[in-house]
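Hello,

I am handing over the structure we spoke about, and below it you will find my notes. Please read them with the structure open beside you.

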Amino acid sequence: MRQLDKNYDPKSFEGKIYESWEKDDDFKVTRDPAKTPYCIVMPPPNITGQLHMGHALDMTFQDVLTRWRRLQGYEALWLPGTDHASIATEVKVAEDLMETEGKTKDEIGREEFLKRAWKWKEIYGGKITEQVRKLGNSCDWSRERFTMDEGCNKAVIEFFVKLYEKGLIYKGNRIINWCPVCGTSLSDIEVQHEDLPGKYWYFRYPGADGGEGITVATSRPETMFGDTAVAVSTGDERYKDLIGKNVVIPLMGKEIPVIEDEYPDPEKGTGAVKITPAHDMNDYEVGERHGLDMPVCIGFDGKMTDIAGEYAGMDRYECREAWVKALEEGGFLVKIEDVVIPTGKCYRCDTAIEPMVSDQWFVSMKPLAKPAIEAVYSGDLKFVPQRFEKVYLKWLEEIRDWCISRQLWWGHRIPAYYCDECGETIIAAEAPEKCPKCGTAHPRQDEDVLDTWFSSALWPFSTLGWPDDTEDMKYFYPTSVLVTGYDIIFFWVARMVFSAYEATGRSPFEYVFVHGIVRDELGRKMSKSLGNGIDPLDVIDAYGADALRFFLLNGSAAGNDMRFITRSVEATRNFANKLWNASRFVIMNLGEGEELKRAEAASSSAEALKGLALESEDKWILYTAEGIIREVTENLEKFEFSVASQKIYEFIRDEYCDWYIEFVKGRLYGDDEGTKEAARATLLKVLADILRLLHPFMPFITEEIWSYLDKPNKLIVDAWPQASGLTDGFAGDAERIESLKEVIRAVRNIRAEAGTVPSKKIPLIVTADLGGDAAAHIRSLAGVSDVAWLPAGAGVPEDAASAIVKDISVYVPMSELVDYEAEREKLTKEKENLENNISRLKSKLGNEGFTAKAPAEVVKGEEEKLAASEAALEKVLARIDAIEDK
C-alpha cells in the first residue's frame, strides 16, 4: 500500500484533485429517474467581482449541502453562474474605454459600447469562477449560466411581456431614487441608508398678508425653489389660523398655501414642514393627496435648474451654501440646529441620492406580493433560522411599486417600442417591423435597460429552461434550498419568490438558509475604506482551502455574523495536520499482502468485522462512530453546520486520534495476530467513515487520504456512512471504556495538580475492576507503575490524593506524587519572594509622598497587589506546614 507523505502540504494536492474531479465529470449530473433530485442555484456573483470572504462563506455552505446529498445518493445539482451587474459593469467598461482609448461611451455610441462590454465580459467575466474553484466548489460547470445569456434573456423578455399584458407593469411619471453620478434610477432597496451629521436650518416664511408667517425646519434648503406648500399636522392648534392662507418663499416672492396633512409630526421641529413634491418621497405623497404642482429645481446631473434663478447650473451643495448665506443676510434664518440626518446613498458609488420625478417603468407589487406572503404562512417556503420570516414578510407587506427601468446600456433592454408618428407604445418579445396602429416602419425601442434584480429574480427557473417546459424544469424544479446572506432577503429572495409564483405557480425553493456576514477580528464590517478585507485566496495559499472552509463552517451559527480570526484558521489547519498524521499512522500499520486484504475485507463488512476478536475499545469506537454518524446526519438535515462540524472535529481529534489510536498501539506492536487483525480492521473502518463524514466540509484532504486506501472509486462519488446496526450490543463495552477514559483523565489531573514530573511512574488504587486491558491502558496512558483493584475504602492510605469518577474512586499516595524535599525548597524560595514583595509594597504605601501625590487609581492598584501577595503568602505557609508534618 502506498504511504502518505510525512508532511501535510495542501498545495501539493488540492489543485490536482480539483482537476481530476472536473476531468472525470464528478460534478456533472443527469436526470436519473431512479434518483431523488436535489438542486441549489448559486447566487450569481457579479462578473466584475473579486472573490471575497462573503463568497467563501456562502459557497462553502452550498458545497457542503451538495456534496452531502451526492454522497447520500441524490442527483445533486449545484448550478453555477454569474450576474451581468448593470451599473458595476458599465462603470468598469466606461473606465476601461477612457483609459485605453480616451473616449466616453457617448462618443462611441451604444452599439460600439456594448461590443466592448461583451469583450470585457469574455476577458474578465470568468475570473471569479476560476477563483471559486480554489474553494473546492463541486458545481456542474457544464451548466454554467449568465444572466444575459440567450436563455436568460428570453426568460426576462417573456416575463416582462407577461406582466405587462396582465397590467402589472406600467410606465408612469412618479418620484424615484436617482443617482446623479451613475446617471440612473435606483429601486428603494438599492439605496443604502446611513445616519450622518447634518443641520436643520429654521427659516421664516412671511405671511402673504404681511403677517409673521410660519417658521419651518429643513435639512435641504436648496430644494426651497421647488416648494409648493407648507404643511402642518391636522388639528395642530398652533397653526389653525394660518390654514388656507398663503405664505411667501423668502427671497423668491412666490406664494404657497399652508395645508393640513397627517404627514407632519407636531413634535418635530416647529411642527410645520415645507413641501417639495419633486424632491422628497414623503412630500411627493402629500403633493399627490393635495394636487400640488411638482416643479423640479435639481436636475438629473445634480445641478440646479432654471427655476433656481441666479443659482441655476450650480451643484446642489454649492447652491445650499450660497442660498443659506443669502437667506441669513436677508433676515430669514431663525436658527441652526446640529442633528443626525438619515441619508440615502447609491449602493454602488456612495453618492447621496436625489429623489426625482421621472418617467420610469414600474412593477405593480401588491398583487405579486400576496402569494409570496402566503407561501410562508402555508409552509411552502421555510426560513432557517425562522426569525428571518419577519424580515421577509415585513418588506412584502409594506412593499411599494418597484421601479425597474435603468438609464444604462449594459443590461436587458426594455421590450417597449414607440411609434413617433402616432404615439403608440408596443410591448413585444420580438421587435415589431411596423406600428400595428398606423403602419409606420421600425418603431423606436426604449433606451433603458431593466434593473439587474429583474433578471436575477428569475434565476431559479430561467437557468433550468423556463419559459420552455424543459426536462430540467420537470426534474429539478422547484429547487431544494437557497443559501444567502441576511442582507439580500428583500434585494433578491423576496423577488425570486413572487416572480416564481407568477411564472410557475410554485415557490422557487423549499428552504432559505440565511447566514450572516464575515467581519474582521474587531467585529467591523470588511470594507475598502477600512482596508480590513481578507482575501480568501491569500488564506488558501497560506493554510489550504480545507482549513478556510472548516473555519468558516465551525465558526458560524445560522443567521449570525462571525469574525475572521487568523489563529482560528491556524487551529483548523492544525486539525487537518492531526488527521493527516493519524491517517498516515493507520496506513503504515495496516500491514501488507494477506494482512492488508483481511483488514480491507473486514472493514467493509459489518458481519466480517463482528466476526473478529474485537476488544472493548474496538466496540467503543465503532459504537461512538455510529452515534456521530446519526447525529451529524440529523444536524445537516437541520442546516446546523457549526454543530455538525464541531461534533466531527471532536470525534476525530479526541476519540479517534487521542484515545483509540493510543489504546490500540500496544496491540499493533504485539504478537497476537487475532487482536492485531481486529485493531487494523477497526482502524480502517472508522477512518473510512471519518473521511466520508468530513468530506463535505474538507473535501481535498479527505479525497487525498482516501486515494491511499485503495478503494474502488473516488470519495466524492462514494456513499454517506450509515448507522448499520453493527454496534448492537456494544453499549456495555462503550460505557466501560468511557469510565476507563475518566479514570485516566482523573489520574492525569492529580499528577498535574501535584506537579509530578511526566517521567515519574506512580501506583494507583481504583475501587472498581474495569476488566480486560484496562490496567495496561492506565499504565501506558496515565504514567502509572501499578494498578490495584480494591473494594471501596479498603487499604487506601490516609495521605492520598483522590478523585471520584462516576461511582469509582481513584487514589494515589501523596508520598508517591510529591518529592517533599524538592517541594519544600521550592516553597521556601516562593515564601522569600513574597515576603520581599510585601515589604516593598508596605514601604511604598506607608510613604505619604507617594499616597498624596499618586493618582487614586494607582494607589488602589498597589493596595490590591499587597492584598494579593499577602493571600498568596498565607497559602504558601499552609503548604509548608503540611509538608513539615510528613
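Predicted model: local features only at pLDDT ≥ 70, side-chain atom pairs only at ≥ 80, totals over all residues.

Two packed helices are described by the angle between their axes and the distance between the axes. For helix 6 (residues 150–165) and helix 14 (residues 489–504), the axes come within 11 Å and cross at roughly 80 degrees. Because angles of 65 to 115 degrees count as roughly perpendicular, helix 6 is described as roughly perpendicular to helix 14. Where the two meet, Phe159, Lys162 and Leu163 come from helix 6, while Ser499, Glu502 and Ala503 come from helix 14; by class, this contact has 3 nonpolar, 1 polar and 2 charged residues.

Helix 3 (residues 86–101) has 16 residues, which at 1.5 Å a residue should span 22 Å, and this agrees with its end C-alpha atoms, which are 22 Å apart. Its buried residues are Ser86, Ile87, Ala88, Thr89, Glu90, Val93 and Leu97, and they pack against helix 4, strand 6, strand 21 and helix 11. After helix 3 comes Gly102, which has a positive phi, near 65 degrees.

Finally, Val296 lies in the loop between helix 7 and helix 8, and its relative accessible area of 30% makes Val296 partly exposed. Leaving aside neighbours within four places in sequence, Val296 is in contact with Ala278, His279, Thr305, Ile307 and Met356. The C-alpha atoms of Val296 and Val357 are separated by 7.8 Å, although the two residues are 61 residues apart along the chain.

Best wishes

Definitions and conventions
Residues numbered from 1 in each chain as written. Heavy atoms only, no water. Axes fitted to C-alpha atoms, helices over the stretch in contact; angles between N-to-C directions. Helix = DSSP H or I, 4+ residues; strand = E, 2+ residues; numbered from the N terminus. Parallel < 35°, antiparallel > 145°, perpendicular 65-115°, else oblique. Contact = heavy atoms within 4.5 Å. Nonpolar A, V, L, I, M, F, W, Y, C, P; charged D, E, K, R; others polar. Expected span 1.5 Å × (residues − 1). Buried < 20%, exposed > 50% of the residue type's maximum accessible area, 1.4 Å probe, protein only.
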